[in-house]
Amino acid sequence: MMEKQEKIRQGKPIRMEDIPSIALYMDQVIQLFEQNYHSYKRNEDEKILTKTMINNYAKGKLLPPIKNKRYSKEHILTMSLIYQLKGILSIQDIKTTLESLNEEVQKEGVNIEDVYDMYVDMINENEEQFNENVDWMEKSIAENYNEKIPQPNNEMKEVLMINSLVHMSNLYRRLAEAKIDSLSREEDRK
């Protein structure tokens with residue numbers, strides 16, 4: 001499993017220094033995402049970001065207003081957050097999550113670069129925790145499997161691991177959805 005964990009770890013969000021200081025056109029944004037998120041692809045046919053996606057994010061007001069068909073660092077950082085969120089959350093949940101961030105950035109109360117830096121720091125901590133959890137799960141499955149089933153079968157160990165990982169993913173997703181619902185209720189009270 002260690003090589004799978006390393007492959008997963010290779011994917012990192014776009015670094016601040018990888019984003020040009022000038023605004024980019026849509027094709028340049030797509031190219032930037034393809035270069036930086038290539039290792040996130042499950043297969044070569046998968047698209048990281050498309051023109052349709054960007055247009056949908058803009059129409060859905062997930063992004064700050066776009067000026068002259070050019071995308072600023074702020075847009076790119078927001079799209080990077082969207083990319084990370086869209087694997088688990090619905091577009092409506094992403095909109096609810098990012099709404100207050102976008103409002104604060106527009107009012108210049110919050111610097112999105114600071115929020116993004118904190119997010120990247122959290123990712124690094126999450127990866128450490130992830131590796132520890134995966135190692136513990138593998139060890140637990142190996143010990144319990146050998147006790148309960150007399151004939152070792154590596155495929156069945158993998159099936160148990162997959163089920164365990166999916167269960168943990170569902171627990172985290174449900175917690176995220178509960179927090180989004182809480183955010184939504186707070187917005188309704190304003």
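Author: Partly exposed means a relative accessible area between the cut-offs for buried, under 20%, and exposed, over 50%. The model is predicted.

Reader: Why is Glu177 called partly exposed?

Author: Glu177 has a relative accessible area of 25%. Buried needs under 20% and exposed needs over 50%, so Glu177 is partly exposed.

Reader: What makes the pair Glu177 and Arg173 a salt bridge?

Author: The closest N and O atoms of Glu177 and Arg173 are 3.2 Å apart. The cut-off is 4 Å, between a side-chain nitrogen of Lys or Arg and a carboxyl oxygen of Asp or Glu, so the pair counts as a salt bridge. Both residues lie in helix 7, four residues apart, about one turn of the helix.

Reader: Why is Glu17 called exposed?

Author: Glu17 has 59% relative accessibility. The cut-off for exposed is over 50%, so Glu17 is exposed.

Reader: Why is Arg15 called partly exposed?

Author: Its relative accessible area is 46%. Exposed needs over 50% and buried needs under 20%, so Arg15 falls in between.

Reader: What makes Arg15, Glu17 and Asp18 a network?

Author: Arg15 meets Glu17 in a salt bridge at 3.6 Å, N to O. Arg15 also meets Asp18 in a salt bridge, at 3.0 Å. The cut-off is 4 Å, so both pairs count and the three residues are linked.

Reader: How many salt bridges does the structure hold?

Author: The structure holds five.

Note on methods. Residues numbered from 1 in each chain as written. Predicted model: local features only at pLDDT ≥ 70, side-chain atom pairs only at ≥ 80, totals over all residues. Heavy atoms only, no water. Buried < 20%, exposed > 50% of the residue type's maximum accessible area, 1.4 Å probe, protein only. Helix = DSSP H or I, 4+ residues; strand = E, 2+ residues; numbered from the N terminus.
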